[in-house]
Amino acid sequence: MISQQNVLSWATFFPLIGLAVILILMATRYFLGFSRRALDELARSTGLIASGLSFFCSVLAWVWFDPSQSGVQLVQHFTWIKGFNIEYLVGVDGLSISMVLLTGLISFVAFVASMPWWSSAKYARMAGMVEHGHDDGHHPQHFSVRMVPGYMCMLLLLQTGMMGTFVALDMFLFYVFWEVMLLPMYFLIGIWGGPRKEYAAIKFFLYTLVGSVLMLLAIIGIYYNSHAAPLADGSMSAGHTFNLIELAKQGQEGVFAGSPAVLGFAFSKIAFIALFIGFAIKIPMFPFHTWLPDAHVEAPTPVSVILAGILLKMGPYGILRFNYPLLPDATQWAAWVVALFGVINIVYAAFVCLAQSDLKKLIAYSSVSHMGFTLLGMSAMTPTGISGAVFNMFSHGIISPMLFLIAGVIYDRAHHREIGRFGGLAQALPEYAGITGLAFFASLGLPGMCGFVSEFLVLVGSFPVFLGFTIISATAVIITAAYYLWAIHRAFLGKLNPVYKDYPDLVWRERLVLYPLGAIAIVLGFYPQAVLGVINPALTLLVSGLRPM
Amino acid sequence: MTITQFNIASASWFRPELALTAGILLLFLLDVLVRKQSRYRVAVLTVAALACVGVAAALLAFQPVESRAMFNGMIASDPFATFWKWLFLGAAALTVLIAARSDEFPSPRIGVFYALLLSVVLGMFLMATSLDLLMLYLAIEMVSLPSYAIAGYKPGDRRAAEASLKYVIYGGVASGIMLFGLSYIYGLVGSTNLTALGVRLESLAAPASAGGQLGLRVALMVAVIFVLCGIGYKIAAVPWHMWCPDVYEGAPTPFVAFLSVGPKAAGFALAVRVFYSFLASGGGPEGFARGLADVPWPAVVGVLSAVTMTLGNLSALHQNNLKRLLAYSSISHAGYALMGLAAASQLGVQSVMIYMLVYLVMNLGAFLAVIAIAQATGSETIADCNGLSRRHPLLAVTFAVFLFSLTGLPPLAGFVGKWYLFVAVLSHYAGDGGAWYVTLAVIAALNTAISLYYYVRIIRAMFIEAPAGELVVRPRVSYQIMLGTFSAALLLFGVWWNPLIEWTQASLTFLTRG
């Protein structure tokens, strides 16, 4: 049933099938009237299974992917809309296969983290995981027991959107998946979020929609400037194409560099800017980053995990998929600006982190800072720099979910995240303190963990190109260390605040997600080749297209 | 290639309109003769009448493969008109179904409402087909006059009376101005026939470089702007939109639902025909930026479009009444659809057709949801939607689908409509007037983001806010079925819209100039 031709489609649509199953379950309950609790449990299991199958398919795709070839693999395509040469075209190269695996893994982690299962009674009471324990102000109801079927549907839809975005190789299909992610995200933050959820949700929605409509215009512009390419069945019905593989070829040939000007500006530059803003909002790049802290602080833990782990990677992925291969000349032109914004991200966000008192906000801003490394590495356009950038996407995709899970652990117990109000937590929750230390050190780039490898590669790669920027960024690593260590100091060390004396340590629902991620962070720290070996051939191809021969 | 049909022979091509007329007369008769009728019987009868029209139209549907001028060049019969007739018929049939279970009509007199509604539809049929200035004016009036009556079709309701009065006054002024403009055109050319007008006007209003007279050009410009006024009023484009929110708020909601899609679509059908018959000079619909009297009419329409969508969206931001909000939203959608007209190409016309088709479903759906909410709560404000997702998930989810589709988010059909408009406008970006088109596209794109804000206000109320009280919301079964069908259709055509392309492509043949 699952073959090399359709494994990516299965990975994309298993969650959607799960969604359909949940809808059927809901309809069944409407007619048969079994208990709400039963429906909740069924919906949870369905979500977990569907996401697990999708994860399984992404692992399968990773196994079937042949890293020795640099081209696109595991392709499936057929004609979708004839009039515009729109195809259903999915496939992966080294760049996207790493993101596909990450999406499968982190989504599954998010599902596990959405279950109220595997916890002790004391913990469950503390976290508010009681079915009808309505808001008494003291123990607000936990998101994992609120409107469960709807929550699972939204999370599954989100997973389909994310997976689809990473496997789509048709611009139109890409855009559809890209937009499909917006709706579930809005509802996940808006319904299951914290106190200022409405504000955070609409802010996220508006920011990303502005970005994506600009992207839409650029996509149409690129379409009109492209030459025709044959469809899946060999026919050619329109004079242009949405096929990203073909477009990349045409981009290398300079088709878009010679396109007619827009409003007096070169087309490729305008298209670059429009696409770049759309993607930069997702990264999020300074000055478009302000939605991120709000969204993170209000989102429930698993949604933060997905947001930081996967959604932020859409931005750099899009830039590497669209801007770099399609518009190489404009990419050269904009390189130093991108690098500048990367440095601003790194330094500015690091300083902002220092000033945070909310643990989750600190982690959110640290994401902004770390994504700056990806921007810097990308803009250097050296093989090492781009490898580092993509590896940074992957390693940040492992570490930041850990960090948000950690913030969730303490929030579930204390119902606040003020670093200053904790103290000496290491005495009460030693296991938690240990795993937090691991995650913090991985994030600040301690050698032996994946964060170090990515930052090192980025800095080495950008050093010959942007000397000044690299030095500034490297010094910012010290600030990173400072805010993490200071946070540990304030929250975990010192005298134990007696309020937290009886707090239960990690329960299995937390161990199940934290330990595997921690293990991956360490393994990749010692053996980064596992990922680098797969992504490098594709990136070498990308870089060779950028450098004038 | 056109074939001119003379009077008697024309009648056989006029079957849909004849069937409609018979239905209208029958309804009036029933209303007088049958004393103890329940409104449902009339509804059934009307549906039957509409079905007759459907059959008649179906007879025609595969026949006009080419354009015909009928009744001595008064009316066209072409695939283009047939497309719009189907669309109007769909809007009318759905409105009849919605009205059948509405609370807003005094029960025994529903027959009159149906008869008036069908009269509007007859007018719309004529609007989509008229080839003559006089016919065109009569058709518009045929749509307007029954509409005035229906807008006030709630005896004793002051808001409805106010709506009706406002509608009459604005409508009267607009149609008066239009008639004035038509008289100018007749004075200049000496003919009222659209197919002849284009050619003659072009030679009359030659640009100064070609030895034209300034006076003539000015007169023509004034005339065209006056004519645009009448059309703009029908589609509720800025600055002729002021009637829209008040009428929408006051008039019976099932009629408002119809008003927001039917006459607007008819206005666009008419606009396309007028536009290509004499404003779009240069022979064919494809490829021009400069038009009659040296005025870039596509740019004028483009400016109208930009202003309309922006003003509509900005005004909608802070509306708390759902019907007023949807009124402003419908103004902004007129602005979007005008983009297709401004694109002035085959693709542009096709995009208008697709957009109106999709808009019909999503806007009717949105109004249907408002009706269902108002039936439960007794009023129609955003606050009435609070916690709707917990009271009636189906209603909340389908309403959300309509709103997201109106925003233009994939994978819903609203995105397809908007996609075509953008594609049509941007296809000109490198050509003559490219800067205009790019600017227009950017404005429309930003408007999309603005519109999201107010649509999401409703969604937020439904899904995030807590329910205000223990109110039972149970929409009528027929409404539930329609809500489900509409959203399924939007989803289906958002993912697979080849049929829409094929149908509109086949309907692009139409009569413009002789």
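**View 1. A hairpin in chain A of the predicted model, with Asn85(A) at a positive phi.** Asn85(A) takes a positive phi near 55° in the hairpin formed by strand 1 and strand 2 of chain A. The hairpin has 4 residues between its strands. Strand 1 covers residues 73-81 and strand 2 covers residues 86-92. The two pair in the antiparallel sense, over 6 bridges. His77(A) stands opposite Leu89(A), a residue of strand 2 of chain A. The model is predicted, not experimental.

**View 2. Leu74(A), a non-glycine residue with positive phi.** Leu74(A) lies in strand 1 of chain A. Its phi is positive, about 55°, although the residue is not a glycine. Leu74(A) counts as buried because 25 C-beta neighbours fall inside 10 Å.

**View 3. Ala236(B), a positive phi in a loop of chain B.** The loop between helix 9 (214-235) and helix 10 (243-250) of chain B holds Ala236(B). Ala236(B) is not a glycine, yet its phi is positive at about 60°. Ala236(B) has 29 C-beta neighbours inside 10 Å, so it counts as buried.

**View 4. Helix 11 of chain A and what covers it.** Helix 11 of chain A spans residues 291-298 and is mostly covered, with 8 of its 8 residues buried. The buried residues are Trp291(A), Leu292(A), Pro293(A), Asp294(A), Ala295(A), His296(A), Val297(A) and Glu298(A). Their cover includes helix 7, helix 8, helix 12 (301-326) and helix 14 (359-380) of chain A. Pro287(A) sits in the loop between helix 10 (267-282) and helix 11 of chain A. A cis peptide bond joins Phe286(A) to Pro287(A), with omega about 0°.

**View 5. The side of chain A that touches chain B.** Here 27 residues of chain A are in contact with 26 residues of chain B. Helix 6 (171-180), helix 7 (182-192) and helix 8 (197-225) of chain A each supply at least two residues of this side of chain A. Helix 8 of chain A gives the largest share, 13 residues. By type, the residues on this side of chain A divide into 21 nonpolar, 3 polar and 3 charged.

**View 6. Pro411(B), with contacts in both chains.** Pro411(B) is placed in the loop between helix 16 (393-407) and helix 17 (413-426) of chain B. The peptide bond from Pro410(B) to Pro411(B) is cis, with omega near 5°. Pro411(B) counts as buried because it has 21 C-beta neighbours inside 10 Å. Leaving out residues up to four places away in sequence, Pro411(B) touches Val176(A) and Val180(A), and also Leu491(B), Gly494(B) and Val495(B). Phe275(B) lies 136 residues from Pro411(B) along the chain, and their C-alpha atoms are separated by 32 Å.

**View 7. The largest nonpolar core.** This core has 408 residues. The members that touch the most others are Leu217(A), Phe88(B), Met356(B), Leu368(B), Phe422(B) and Val425(B). Helix 14 of chain B, residues 346-377, gives the most to the core, with 22 residues. Met356(B) is in contact with Leu87(B), Ala265(B), Phe268(B) and Ala337(B), leaving aside neighbours within four places in sequence.

**View 8. Chain B as a whole.** Chain B has 20 helices and 3 strands. Of its 514 residues, 60% are buried. Among chain B contacts between residues at least 6 apart in sequence, 79% join residues at least 24 apart.

Methods:
Residues are numbered from 1 along each chain as its sequence is written. Chains are lettered from A and ligands numbered from 1 in the order in which they are written. This is a predicted model: local features need pLDDT of at least 70, side-chain atom pairs count only at pLDDT 80 or more; totals for chains, interfaces and linings use all residues. Two residues are in contact if their C-beta atoms, placed from the backbone, lie within 7 Å. Ala, Val, Leu, Ile, Met, Phe, Trp, Tyr, Cys and Pro count as nonpolar, Asp, Glu, Lys and Arg as charged, and the others, Gly among them, as polar. A nonpolar core is a set of buried Ala, Val, Leu, Ile, Met, Phe, Trp, Tyr and Cys residues joined through C-beta atoms within 7 Å. A residue is buried if 20 or more other C-beta atoms lie within 10 Å of its own, exposed if 12 or fewer, and partly exposed in between; C-beta atoms are placed from the backbone. Two strands pair if DSSP finds at least two bridges between them.
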